[in-house]
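Please consult the sequence and the 3D structure shown here before reading on.

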Amino acid sequence: EEARQELVQHVKSHMSEKRFKHVLGVEKAAMQLAKDNGVSVEKASIAALTHDYAKERSQADFFAVIDSEGLDPDLKEWSNAIWHGVVGAYLVERELGINDTDILHAIIVHTTGAAEMTPLDKVIYVADYIEPGRDFPGVNKARALAKENLDAAVAYETKQTLAFLIEKEARIYPKTIETYNRWVAQKQ
Ligand code: DGI
Ligand code: FE
Ligand code: FE
Ligand code: FE
């Protein structure tokens, strides 16, 4: 479709060839997961195409958005890994003219997940992890889980990501822990 082609070209112009390939892979995975889970395939396509739109932007660009949108100043203590979704969604809205709050929310939570996730949020969160270009230990297990149960895939991805971050002694964004507590941890 014409609108999609225009969006694809705009997104492509803002990133490396490698990242653009990843974005197209996420779109493919997201459209399938959307279809399987009764989620809007069109929203899944748009959210997937734009989820990493801001990944190659400068710290100054993110700080300007944090200030102008009145976002939590503590965000400045984090890094691109957190900013490109949480803050990047505002750049998607401004620069790509995407106003759909379901899509923008899926972009905001695509890296960390959230305690409250809509089916579209889950589709993008999981598609980002299992897209065809991903190759890491556990990706095939994640793909198999995603085929049978989206929530199980959310839980697996969350646990693996947290374990990976802890292994390299990275700082854990509080929302990542909230995601773990909601989707992985058992009350005991
Ligand atoms: O943008 P992508 O590489 O496609 O994927 P992503 O947005 O899911 O993740 C980007 C990176 O963010 C990935 O290496 C894991 C990392 N990340 C996720 N949660 C946290 C985090 N990094 C830190 N420091 N803290 C987190 O809580
Ligand atoms: Fe642009
Ligand atoms: Fe991302
Ligand atoms: Fe991504």
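Is Glu42 buried or exposed? Glu42 is exposed, with a relative accessible area of 55%; exposed denotes over 50%, buried under 20% and partly exposed in between (1.4 Å probe, protein chains only).

This is a predicted model, in which local features need pLDDT of at least 70, side-chain atom pairs count only at pLDDT 80 or more, and totals for chains, interfaces and linings use all residues. Residues are numbered from 1 along each chain as its sequence is written, chains are lettered from A and ligands numbered from 1 in the order in which they are written, and side-chain values use heavy atoms, leaving out hydrogens and water.

**Iron ion (ligand 3)**
- Asp52 (OD), His84 (NE2) and His110 (NE2) coordinate the iron ion (ligand 3) at 2.1 Å (donors are N, O and S atoms within 2.8 Å of the metal, or 3.2 Å for Na, K and Ca; water is not among the atoms, so sites may look incomplete).
- The spacing of these donor residues in sequence is D-x31-H-x25-H.
- Asp52 also bridges the iron ion (ligand 3) and the iron ion (ligand 4), which lie 3.5 Å apart.
- Asp52 lies in the loop between α3 and α4 (59–68), and His110 in the loop between α7 (101–108) and α8 (119–130), so the pair ties together parts 58 residues apart in sequence.
- Asp52 is buried at 5% relative accessibility, and His110 is buried at 1%.

- His10 is partly exposed at 31% relative accessibility, and His14 is partly exposed at 28%.

Note on methods
Helix = DSSP H or I, 4+ residues; strand = E, 2+ residues; numbered from the N terminus.
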